[in-house]
Amino acid sequence: MLMPLFGYGMKGCFLSKGVNILRMEKKLPIGMENFEDIRTEGFYYVDKTGFIKELLQNWGKVNLFTRPRRFGKSLNMNMLKYFLSYGCNSRLFEGLEIAGETKLCREYMGKFPVIFISLKDVAGRDYRSARNMLSMVIGREAMRFAFLLESSQISEREKKSYERLLQIEETGAQEFGMSDEVLAASLQLLCSLLHKHYGKKAVLLMDEYDVPLDKAQQEGYYDEMVALLRNLFSQSLKTNDGLYFAVLTGCLRIAKVSIFTGLNNLNVMTITNVRFSRCFGFLDEEVEEMLVYYGLEDKFDLVREWYDGYCFGNSRIYCPWDVINYIYLLRAEPYALPKAFWIHTSGNDMIQKFLEKADQSTRYELERLVNGENIAKRLDQELTYQELYQSIDNLWSVLFTTGYLTQRGTEDGEIYQLAIPNQEIRQIFIRCFFDWFRKETNKDTVSLEAFCGAFVRADAQTIEKQLCSYLKKTISIRDTGAKKGSKENFYHGILLGLLGYRGDWRVISNAEAGLGYSDILIEIEEEQIGIIIEVKYPAGGNLEAGCKKALQQIKEMDYEDRLRQDGMETILKYGIACFKKSCRVILERQ
């Protein structure tokens, strides 16, 4: 007799003869890029094996897929490796879409020598260290094929050439591993040797191909890295008789004149292409099914608002990283609000550089985007890393290709209607804007000193005049594209950034006080002065009414109680109302 099983996170299912037991929910694959582990260790998997079918039916000699970070590029490449490689475990694909394509499976599954390298860690601070990292990445992959040293199909001279690929251990010298010449020819050699051993041409998979160039541009050795990669790609992708086909992935499409010179067999699939548009990222129905599986279907609208909105080709796409992380959070905290998970996956220097280059006209366009509008821009999707930050026009293109902006339609294939895809990216823009605004305002210490001092002097008129001046330099949150609380939080954040200049004050945001939480409390201990600030965004722009409502809330919620308990003798209460780039300040003194 089967006994019922009980435990956290378990759901009912039926076995034969109507026996009802419980099964453990599948684990969430946070940050996992190994297809075999996901399929064998009880992780939830969104079936993207349709990518294999579409690729095998439409492949070119060299196929390049560009997608923003955290949209499943590495997992798809790893999946492709397991499918094509000799010794493929077909059970990994049971029940998945590709398993129904019996002809493709017979022709391709487990039929190729596959070389798989990821360049995501080739990011040295100088050329030598980056070159050595690349040498180690390729050398370690070459070690997987140690049987070539015993192959009867390969000559002794070729075996000696292969042994050079294995010289990757650090010896203490500045440079170790392969020479530049051996490194440039390494992948071509490996393909050739595998072709001779198996009698079958090799498949080359290269993940995050553009990371070395990104880092090289940042650290100042770009020309050297371009030269090395140009030679590597030319020999492995252009003049390589042992190559069946190659697949590359990255965030940006790098101009042919940079590293793909002379490569005329490049099949590029960017985020604007319809083909393969459903293969990276999650679709609406996939997210809904996942939420239902974990009993979170009531969160669907919230997940859509925060993490949907990307347009790849003609498909609306969710960011997988965000969806998985939010579900993980909800399983522990059922009432948890969405967070900007994507911002922590890498730096957001791109937006900072954008803001630094932006003039008043560009900041107005940014303001329109933050408020949910579209702007029309001509985009160039084929740039070199040296060109990325040369002009604001190039930065629009980079923000688009890296996922900070998405398309809402195109006019002629070059002019796109750009928009911020979702609430998460909107919050990232606002956060980066606050950082930029703080740096800019901190340059004028005289104005900041006068502004902060006005709060102590009970000079509401100066506060109002100075704050209006600051608001004219910012973007503003208008009626469209933002909820009331979000608008108030925006102006709240601006005030915090300005008041934070006074490091000797105790400035507390959303402080528990009296019967609730005040927007901003300030304690100036030496002078025993306490300041309460309540911010409102009044409907219809009635600033006077907004200030009075703020002061009434301070009184009714007894926010001053906390300041009294902390020993503040003089209490200054400020009701501040903001609407677009205007503000009103009313003081009530205790």
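These legends describe close-up views of a predicted model. Local features need pLDDT of at least 70 and side-chain atom pairs count only at pLDDT 80 or more, while totals for chains, interfaces and linings use all residues. Residues are numbered from 1 along each chain as its sequence is written, and side-chain values use heavy atoms, with hydrogens and water left out.

View 1. The strands form an open sheet in the order 4-5-6-3-7, with parallel pairing. Strand 4 (114-118) and strand 7 (266-269) stand at the edges with a single partner strand each, so one side of each has no neighbour in the sheet. Neighbouring strands are turned by 15 degrees against each other on average, direction ignored. Strands (E, at least two residues) and helices (H or I, at least four) are DSSP runs, numbered from the N terminus. Two strands pair if DSSP finds at least two bridges between them.

**View 2. Strands 5 and 6 with helix 9.** Strand 5 (residues 202-207) and strand 6 (residues 243-250) run parallel, joined by five bridges. Leu204 stands opposite Ala246 in strand 6. Helix 9 (residues 222-238) lies across strand 3 (62-66), strand 5 and strand 6, at about 140 degrees to strand 6. Contact means heavy atoms within 4.5 Å. Angles run from 0 to 180 degrees between N-to-C directions, with axes fitted to C-alpha atoms, for helices over the stretch in contact.

View 3. Four bridges pair strand 10 with strand 12 (residues 415-419) in the antiparallel sense. Arg378 has Ile415 of strand 12 as its bridge partner.

**View 4. The largest pocket.** Its volume is about 1300 Å³. Of the 47 lining residues, Arg69, Arg70, Lys73, Glu208 and Cys251 are the closest to its centre. The lining divides into 24 nonpolar, eleven polar and twelve charged residues. Here Ala, Val, Leu, Ile, Met, Phe, Trp, Tyr, Cys and Pro count as nonpolar, Asp, Glu, Lys and Arg as charged, and the others, Gly among them, as polar. On a 1 Å grid over the protein atoms alone, a pocket is an open set with protein on both sides within 12 Å along at least five of seven lines; a cavity is a set of points where a 1.4 Å probe fits but cannot get out; lining residues have an atom within 4 Å of a point. Grid points are joined across faces, edges and corners, and a volume is the space filled by probe spheres set on the points.

**View 5. The second largest cavity.** Its volume is about 30 Å³. Helix 9 gives the most to the lining, with four residues. The lining includes Arg230, Phe233 and Ile259.

View 6. Glu286 and Lys48 meet through their side chains (3.0 Å, N to O). Glu286 is in helix 11 (residues 284-293), and Lys48 is in the loop between helix 1 (35-40) and helix 2 (50-58), 238 residues apart. A salt bridge is a side-chain nitrogen of Lys or Arg within 4 Å of a carboxyl oxygen of Asp or Glu.
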